[in-house]
Amino acid sequence: MRIDMHAESRLPEALLDGLRNARQVVVFTGAGVSAESGIPTFRDALTGLWSRFDALSLATPEAFERDPALVWGWYEWRRMKVLQTQPNAAHRAIAALAACVPTLSLITQNVDDLHERAGSPDVVHLHGSLAAPRCFKCSKPHAGLPIPQEPEGGRRLEPPRCEHCGGPVRPGVVWFGETLPEAALHGAFEAAARCDVLLSIGTSGVVQPAALLPGIARDAGARVIEINPQPSASSAGYDWSLCGPAGQVMPALLAQAWP
C-alpha cells in the first residue's frame, strides 16, 4: 500500500499495531537518510578536482593502486563533509525507536557515523565506515587520523603509512569489486530472518547483496515498511510504502505508534 505522507497523514492502525507488537525490528538504511543531513551521494555530480572523474572510478582497489594520493584525497574530503554535518530527525527517531521495542537491529549501507552520533549503538555497517581506515597491504586497523581540513575544491593527498608494515592506509569502506564483511552480512541476514518488522529507509533497494534483506524478512513472515521520497523498484513487494522524507516520516511514525 502506498501512502503519500503529509504533516496531517494518519498511518494505518495495522501498521502501527505491527510495530508496537513487534519483538524484533530491523531498520535498514541507505544513502537517502544521510543525504537529508547534506552528505553528498554517489549520484551527485563531483566538483573541483573531482569534476573530471566518475565517483565509481575512484572507489576501486585498482584506482587506489594506480593513484593512492588521488583516491585518499577524495575520501578525506568526503570524511570532512561527514564531520561537518549533523544527524537529522530520521537518525534521532531511529535511535529513539530502539527504546520502544524489545530488540532493534540497525543495518546501514552508509559509511558515515551519523547513526552513532545520534545515539544508536552497535550499528552494522555493510559497506564499511570512513571512521575505520586500515592498511591496504596487511589490513590492520589504523588509528589516530586527524580531523581533515581539506580545500573545497579537493586535492591529491598522500595516504599515511601503516605502523605495522609500512603499507599505505586506505579508507575503511567496501569498494566496488570487493566482498562485503562476512560477519556483518551474515549478522544482517540472520536479523532479517528473525524480525517481525523491517523498515527499509532511504535506499533504492537495488545494490546487492544488501538489497536481499527486505525479501529475506518478507519470506520469513515479517511486515516490511518502505520509507522513501519516491517508491523504489522494490515497493510492490512491501506491505506499506510511505512516501516522504525520512526526517519527516520517522518522527511521525514514532509519534503515532507511541503517542
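Q: In which sense do β1 and β9 pair, and over how many bridges?

A: Strands of a sheet pair through backbone hydrogen bonds, either parallel or antiparallel. In this predicted model, β1 and β9 are joined in the parallel sense by 3 bridges, and within that pairing Ile3 has Leu242 of β9 as its bridge partner.

Q: In what order do the strands of the open sheet follow one another?

A: The open sheet is formed by 7 strands in the order β1-β9-β8-β7-β2-β3-β4, with parallel pairing. Because β1 (2-4) and β4 stand at the edges with a single partner strand each, one side of each has no neighbour in the sheet.

Q: How many bridges join β3 to β2, and how many join β3 to β4?

A: Strand β2 (residues 24-29) runs parallel to β3 (residues 103-108) and is joined to β3 by 6 bridges, including the one in which Gln24 is partnered by Thr103 of β3. Strand β4 (residues 124-125), also parallel to β3, is joined to β3 by 2 bridges, and here Thr108 stands opposite His125 of β4.

Q: Where does α10 lie, and which of its residues are buried?

A: An α-helix has 3.6 residues a turn, so residues three or four places apart point the same way. Helix α10 (residues 246-257) spans 16 Å from first to last C-alpha, close to the 16 Å expected for its 12 residues, and lies across β7, β8 and β9 at about 140° to β8. Its buried residues are Ala246, Val249, Met250, Leu253, Leu254, Gln256 and Ala257, and these pack against α1 (13-20), α2 (31-35), α6 (89-97), β7 (197-201), β8 (223-228) and β9 (240-243).

Definitions and conventions: Residues are numbered from 1 along each chain as its sequence is written. This is a predicted model: local features need pLDDT of at least 70, side-chain atom pairs count only at pLDDT 80 or more; totals for chains, interfaces and linings use all residues. Side-chain values use heavy atoms; hydrogens and water are left out. Helices (H or I, at least four residues) and strands (E, at least two) are DSSP runs, numbered from the N terminus. The expected span of a helix is 1.5 Å times one less than its number of residues. Buried means under 20% relative accessible area, exposed over 50%, partly exposed in between (1.4 Å probe, protein chains only). Contact means heavy atoms within 4.5 Å. Two strands pair if DSSP finds at least two bridges between them. Axes are lines fitted to C-alpha atoms, for helices over the stretch in contact, and angles run from 0 to 180 degrees between N-to-C directions.
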